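Subject: A structure for you to look at

Hello,

Here is the structure I promised to pass on to you. Please open it beside this message, and then read on for what turned up in it.

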Amino acid sequence: MVLRTKGLWLVESVSLFRLLAALLFASVAFQNLPLIIVVSVYGFAMASDLVDGFLARRLKMDTYFGKVLDLVSDKSLTIVSVLYAAARGIHLLPLGVIAIREVVSLGMRIVVVDGMPLLSTNRILGGFMSCLLWGTTLWLATTPTNDPVIGIIGTLYDVCAGAFALNLIVRVCGARGRIRASLREAPQSRTP
C-alpha cells in the first residue's frame, strides 16, 4: 500500500509540476530573461507530459483525480501556448479555434456518463496534436520577432487549428449516444 501511495504521489506530482511550469512559462516568457531559461521552462513542461504518462502506465497508477490533474495540466499548457503565440503576433483565428476546442473538450471529458467520459480520448492522436502545437510554440519561443520563419510558424498554427477542430468534430460525432444519454438524464428546468 505504501509503494502504491508513493507511486501515485510521483505520477501526480509530475502532472502538478507541468501545471506550475505552464504558469511559470507565462510569467517568464515576456521578461528580459535569457532565452535558455524561457525555453528550458517550456521544454520541461512539454517533457513532463511524456514522463507522467509513462510513469502512470508503468506503475499502473490510474485514478480519476490523476486523470483530471493531467488533463487540466495539458490544457493549461496549451492555453498558455496560445496566449504566448497571440502576444508574438500569430493570427488570432487559428489560436481562437485551438482555445475553444480545448475548453470544450476539457468540459466534455470531465463529465462522466455511465462510468465513461462524455468525450473519449485517443492517446496517440492527442499526443501527436499536443506535440505539434507545443513543438510549434517551442520553435516560436526560439525565433526572433522579425525572423521570416515566423510566417512558417503561423502556417503551422493554422494546421494545428484545423487538426484540433477536425478532431473535436469527429469525437463529438462519435460520442453522440453518450451526449444524448447525458441530456436525457439532466434535470428538467421548471418555469414558475
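This is a predicted model: local features need pLDDT of at least 70, side-chain atom pairs count only at pLDDT 80 or more; totals for chains, interfaces and linings use all residues.

I100 counts as exposed because its relative accessibility is 57%. The cut-offs are these: buried is under 20% relative accessible area, exposed is over 50%, and partly exposed is in between, with a 1.4 Å probe and protein chains only. You will find I100 in helix α4.

Residues are numbered from 1 along each chain as its sequence is written, and side-chain values use heavy atoms, with hydrogens and water left out.

The whole chain

The protein chain has 7 helices and 2 strands. Both kinds of element are DSSP runs numbered from the N terminus: helices are H or I with at least four residues, and strands are E with at least two. Read from the N terminus, their order is α-α-α-α-β-β-α-α-α. Along the principal axes, the C-alpha atoms fill a box of roughly 55 × 50 × 35 Å. Of the 192 residues in the chain, 39% are buried. If you take the contacts (heavy atoms within 4.5 Å) with a separation of 6 or more, 77% of them join residues 24 or more positions apart.

Two helix pairs

Two packed helices are described by the angle between their axes and the distance between the axes. Here the axes are lines fitted to C-alpha atoms, for helices over the stretch in contact, and the angles run from 0 to 180 degrees between N-to-C directions.

Look at helix α3 (residues 64-87) and helix α4 (residues 92-110) to begin with: their axes come within 10 Å and cross at roughly 170°. That angle makes α3 roughly antiparallel to α4 (under 35 degrees is roughly parallel, over 145 roughly antiparallel, 65 to 115 roughly perpendicular, and the rest oblique). On the α3 side the contact includes Y64, L71 and V72, and on the α4 side it includes L92, L95 and I98. By class, this contact has 13 nonpolar, 2 polar and 4 charged residues. In this scheme Ala, Val, Leu, Ile, Met, Phe, Trp, Tyr, Cys and Pro are nonpolar, Asp, Glu, Lys and Arg are charged, and the others, Gly among them, are polar.

Now turn to α2 and α5. Their axes come within 10 Å and cross at roughly 170°, which means that α2 is roughly antiparallel to α5. L35, V39, Y42, M46, D49 and R57 of α2 meet R123, W134, G135, T137, L138 and A141 of α5. The classes in this contact are 7 nonpolar, 2 polar and 3 charged.

The largest pocket

Rolling a probe the size of a water molecule over the atoms shows where empty space is left. The largest pocket holds about 1300 Å³ of space. It is lined by 47 residues, and the closest to its centre are D70, D74, R109, T121 and R123. Among the elements that give two or more residues to the lining are α1 (2-28), α2 (35-59), α5 (123-141) and α6 (149-174). The lining divides into 20 nonpolar, 13 polar and 14 charged residues.

Is N167 buried or exposed? N167 counts as buried, because its relative accessibility is 9%. It lies in helix α6 and, leaving aside neighbours within four places in sequence, is in contact with R101, L125 and M129.

L156 is also in helix α6, but L156 is partly exposed, with a relative accessible area of 25%. Not counting residues up to four places away in sequence, L156 touches T136 and W139.

V97 belongs to helix α4 and is partly exposed at 28% relative accessibility. Beyond its neighbours within four places in sequence, V97 is in contact with A161 and A165. V97 and G162 are 65 residues apart in sequence, yet 8.2 Å apart in space, C-alpha to C-alpha.

Finally, L24 in helix α1 is partly exposed, at 43% relative accessibility.

Enjoy exploring it!

Definitions and conventions:
On a 1 Å grid over the protein atoms alone, a cavity is a set of points where a 1.4 Å probe fits but cannot get out, and a pocket is an open set with protein on both sides within 12 Å along at least five of seven lines; lining residues have an atom within 4 Å of a point. Grid points are joined across faces, edges and corners, and a volume is the space filled by probe spheres set on the points.
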